[in-house]
Amino acid sequence: MSIALPSGTTRSRRGRSLREGLRRVAEAAVTPLELGDVLDVFHPLRRGADLRARIVEVRPETHQSATVLLQPGRDWAGHVPGQYVRVGVDVDGVRLWRTYSLTHGPRADRRISITVKAIPGGVVSNYLVRRARPGQMIQLHQSEGEFVLPQPIPAKLLLVTGGSGITPVIGMLRNLFSRAERPQTDIVLLHSALSRAEVIFGSELRQYDAAGWLRLVELHTDTHGLLDVADLDRLVPDLAERTAYACGPAGLLDALQEHFDARGLTLATERFRAQLVEAGDGGTVTFAGGTPLEADGATPILDVAENAGVLMPSGCRMGICMGCVLPLKEGAVRDLRNGALTTAVPGETGPGGVPIQTCISAAAGPCVIDH
Amino acid sequence: MTAITKKPVNPTAHLTPEDIEQIGIELDAIRQDILDERGASDAAYIHRVVDVQRRLELASRAVLLFSSLPPAWIVGTIGLSVAKILENMEIGHNVMHGQWDWMRDPKIHSTTWEWDNASTADGWKHSHNEIHHNFTNIVGKDNDLGYGIMRVDEDQRWHPAYLAQPLWNFINACFFEYGIAAYDLELGRNLRLPKERRSDEFKRNLKNTLKKIRKQATKDYVVHPALSIPTGSFLPTLAANFTANLVRNIWSHSVIMCGHFPEGVETFEKKAIPANETRGEWYLRQMLGSANISGSKAMHIMTGNLSHQIEHHLFPDLPSNRYAEIAPRVQALFEKYDLNYHTAPLPQQVYSAWHRVVRLSLPNGWLATTTVKNLPEQAKLLWAMSTKGPKVRRAAQARLEQQARRQAAAAAA
């Protein structure tokens with residue numbers, strides 16, 4: 001007769017129910033707040049809290065860019081180099097969400113870093129590069145993105161980057177080169193930037209090149225002109241043998257994609273900024289239980305709603321991260337990037353509606369959104 | 001007081017429609033200035049207030065775990081009272097107005113906030129934000145005027161039942177949070193309906209409110225007293241929590257009475273409000289229907305800046321920390337258009353509001369015509385009016401009003 005096992009499980013069950021009981025008492029003691037709201041006063045980075053990070057350091061890279069070192073909350077689940085993260089930053093009191101590439105591989109101190117290039121008129125990027133200070137808290141989501149190296153690492157790699165498009169790639173490289181045994185991969189990095197001084201991580205990349213860990217081809221727009229894809233075969237003669245990754249401005253990526261498609265080659269890309277096309281129409285946007293809002297045909301529904309004080313889920317605000325997706329129950333919206341219409345007809349499009357990205361969708365007639 | 005349109009001299013008679021629209025334009029400009037400036041310092045302010053409030057409440061409740069010691073009881077009760085007042089006034093009320101929605105912080109947002117009060121956030125947002133702030137001081141539409149149980153205007157016919165209204169008002173002050181919950185639910189009106197005719201919405205709201213009250217009462221009267229048992233402080237903690245709720249209730253009731261009740265604050269007739277009231281007309285009604293409390297910065301914070309009731313009613317969604325800053329500009333606008341900017345220290349406003357409650361509990365003109373000398377006679381008259389039926393009441397009322405008019409004429413002459 002064995003009693004050890006049952007008594008063991010009883011004890012752990014009792015432990016669980018005791019913890020559960022204590023938790024319920026604590027919840028009852030702090031209502032109408034949630035227990036988390038009270039614990040946040042003392043330990044905002046604890047396990048179980050909403051994911052946040054504390055800024056540890058803001059290190060300038062070029063005079064237009066900086067790396068922000070972050071201590072994420074205990075629930076940070078890690079990332080694969082090349083992935084990006086959504087961050088919510090309070091700029092002038094207003095929480096704004098953006099996505100930035102993670103520029104380190106996983107680190108022993110569990111810290112993460114993002115590298116931000118201040119773009120003209122960019123509210124969050126300029127804030128992070130010039131005004132953010134150590135000690136400040138930002139909001140965080142778990143890492144996302146498919147722009148990662150395959151396993152095992154291919155024998156020959158081509159990485160094409162433009163401007164801040166280097167940021168996901170530097171994460172990949174640092175991770176590869178920090179391994180005890182550096183993988184014997186033949187890497188070509190083709191990087192285009194406005195000028196030599198504008199190359200983010202310039203000295204680090206040149207060191208890698210000098211050490212023979214990769215072959216760096218730098219193209220500076222001020223001296224060499226824009227990267228012309230027609231030169232690609234000359235710059236990288238063994239293009240067809242290489243697994244190719246590209247990240248940078250939309251124009252560069254489009255040209256590269258065309259070049260690779262024409263040769264029947266595959267190219268993995270990461271797009272940072274969506275290009276918006278002009279749209280017409282507009283209409284009334286109604287949220288479940290809310291007052292209808294008048295939306296014009298050129299403003300994303302996300303902006304319309306936020307300007308009217310509706311609390312909206314949001315992320316990159318450029319159609320990438322799917323953080324703003326809400327179901328369209330009825331009506332039509334137009335994708336501001338390409339003019340594509342999405343329609344939802346009750347009874348025809350399923351009970352849950354059609355999920356749309358509110359950040360790149362404008363009203364194309366009256367629409368009802370479940371939120 | 002009498003509805004503005006029934007007064008011998010309407011205080012807005014000197015304003016042309018163009019003046020009224022100009023007032024609207026000037027107030028919109030003040031609002032836009034604040035919207036343009038609103039930023040990091042405002043966000044820092046509300047974050048600090050929330051942080052201080054939470055720490056104060058936790059510390060006070062921790063001290064109350066030892067509340068069988070009298071000094072601990074006193075310190076803890078004062079701390080908890082202040083924490084509850086801050087939570088309801090400067091934080092809860094203002095967050096639920098959407099004053100901080102612009103920060104897009106889901107933790108401090110009108111759609112997610114729940115406050116330390118018997119009434120639910122949803123119920124409050126409906127009755128307060130939608131009804132009271134839109135229909136401010138319109139007799140019969142704004143339930144804040146007497147909460148449906150009091151006589152707040154000369155035009156309401158006097159009835160002997162109103163003699164008890166100072167008592168009702170006092171009881172309402174002590175249990176104000178339940179009073180608010182009841183009036184959010186329009187409890188009186190709904191309870192008069194037969195059960196089967198009450199709307200599903202009412203039933204749902206009632207259920208939510210009872211759930212909220214149960215959770216609130218469990219916290220203050222079960223959980224925290226029980227946690228104090230190890231130091232033998234069950235009853236002292238219960239008493240401390242009851243006291244803190246009482247202090248908070250009386251304080252918030254007083255502040256709110258001061259906002260719309262003092263003598264000289266105008267009321268409006270439902271039928272005198274145009275169907276499509278313009279922005280300027282709406283602003284004007286808010287200007288005349290509210291009263292401010294003058295005082296120190298600490299007093300302003302403890303009233304949730306409702307001491308700037310006029311500014312709050314003009315701009316209910318501007319951050320409360322900005323009301324003090326715009327008050328001089330608003331006051332200058334009142335002066336420019338020769339309107340009465342109603343402001344006085346707290347004791348004066350509380351007295352004035354209570355005076356009105358007492359005055360209106362009595363027949364029109366009774367208080368004005370009563371002196372120490374004729375008190376026995378007047379008491380007899382009141383007794384007759386209360387007991388001898390409507391006919392006697394009407395006759396006596398006519399005589400009282402005539403006397404009051406003569407007296408006023410004599411005083412003027």
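## Helix α6 of chain B

In this predicted model, α6(B) is mostly covered, with eight of its nine residues buried. The buried residues of α6(B) are Phe176(B), Glu177(B), Gly179(B), Ile180(B), Ala181(B), Ala182(B), Tyr183(B) and Asp184(B). Their cover includes α4, α5 (165–174), α7 (187–192), α8 (200–227) and α9 of chain B.

Beyond its neighbours within four places in sequence, Ile180(B) is in contact with Asn117(B), Ala118(B), Ser119(B) and Trp124(B). Just after α6(B), Glu186(B) has a positive phi of about 50°.

## Nonpolar cores

The largest nonpolar core holds 49 residues, and those that touch the most other members are Ile85(B), Leu86(B), Val95(B), Trp100(B), Ile108(B), Ile180(B) and Cys258(B). Two or more residues of this core come from each of α2 (40–64), α3 (70–96), α4 (121–132), α6 (176–184), α9 and α14 (346–361) of chain B. The element that gives the most to this core is α3(B), with eleven residues.

Another core lies apart from this one and has 29 residues, among them Leu158(A), Leu173(A), Val199(A) and Leu252(A). In soluble globular proteins, nonpolar side chains tend to be buried together.

## Phe234 of chain B

Phe234(B) is found in helix α9 (residues 234–260) of chain B. Phe234(B) counts as partly exposed because it has 18 C-beta neighbours inside 10 Å, whereas a buried residue needs 20 or more.

Leaving aside neighbours within four places in sequence, Phe234(B) is in contact with Pro225(B), Ala226(B), Ser228(B) and Ile229(B). Phe234(B) and Ala62(B) are 172 residues apart in sequence, and their C-alpha atoms are 13 Å apart in space.

## Domains

The domain assignment divides chain A into domain 1 (4–38), domain 2 (52–140), domain 3 (156–271) and domain 4 (282–369). Between the C-alpha centres of domain 1 of chain A and domain 3 of chain A the distance is 53 Å.

For chain B, the assignment gives domain 1 (4–336) and domain 2 (362–412). The C-alpha centres of domain 1 of chain B and domain 2 of chain B are separated by 36 Å.

## The sheet in chain A

Chain A has an open sheet of six strands in the order β4-β3-β6-β1-β2-β5, with antiparallel pairing. Since β4 and β5 (112–117) of chain A stand at the edges with a single partner strand each, one side of each is left without a neighbour in the sheet. From one strand to the next, the twist averages 40°.

Strand β1 (residues 52–62) of chain A runs antiparallel to strand β2 (residues 65–72) of chain A, and eight bridges join them. Arg59(A) stands opposite Thr67(A) in β2(A). Helix α3 (residues 123–131) of chain A lies across β2, β3 (84–91), β4 and β5 of chain A, at about 85° to β3(A).

## Contact between the chains

The contact involves 15 residues from chain A and 26 residues from chain B. On the side of chain A that touches chain B, two or more residues come from each of α1 (4–30), α2 (35–42) and β4 (94–101) of chain A. The largest share of that side is the three residues from α1(A).

By type, the residues of the side of chain A that touches chain B are eight nonpolar, three polar and four charged.

Methods:
Residues numbered from 1 in each chain as written. Chains lettered and ligands numbered in written order. Predicted model: local features only at pLDDT ≥ 70, side-chain atom pairs only at ≥ 80, totals over all residues. Contact = placed C-beta atoms within 7 Å. Helix = DSSP H or I, 4+ residues; strand = E, 2+ residues; numbered from the N terminus. Nonpolar A, V, L, I, M, F, W, Y, C, P; charged D, E, K, R; others polar. Domains from an automatic or database assignment. Pairing = 2+ DSSP bridges. Axes fitted to C-alpha atoms, helices over the stretch in contact; angles between N-to-C directions. Buried ≥ 20, exposed ≤ 12 C-beta atoms within 10 Å, placed from the backbone. Core = buried A, V, L, I, M, F, W, Y, C linked by C-beta atoms within 7 Å.
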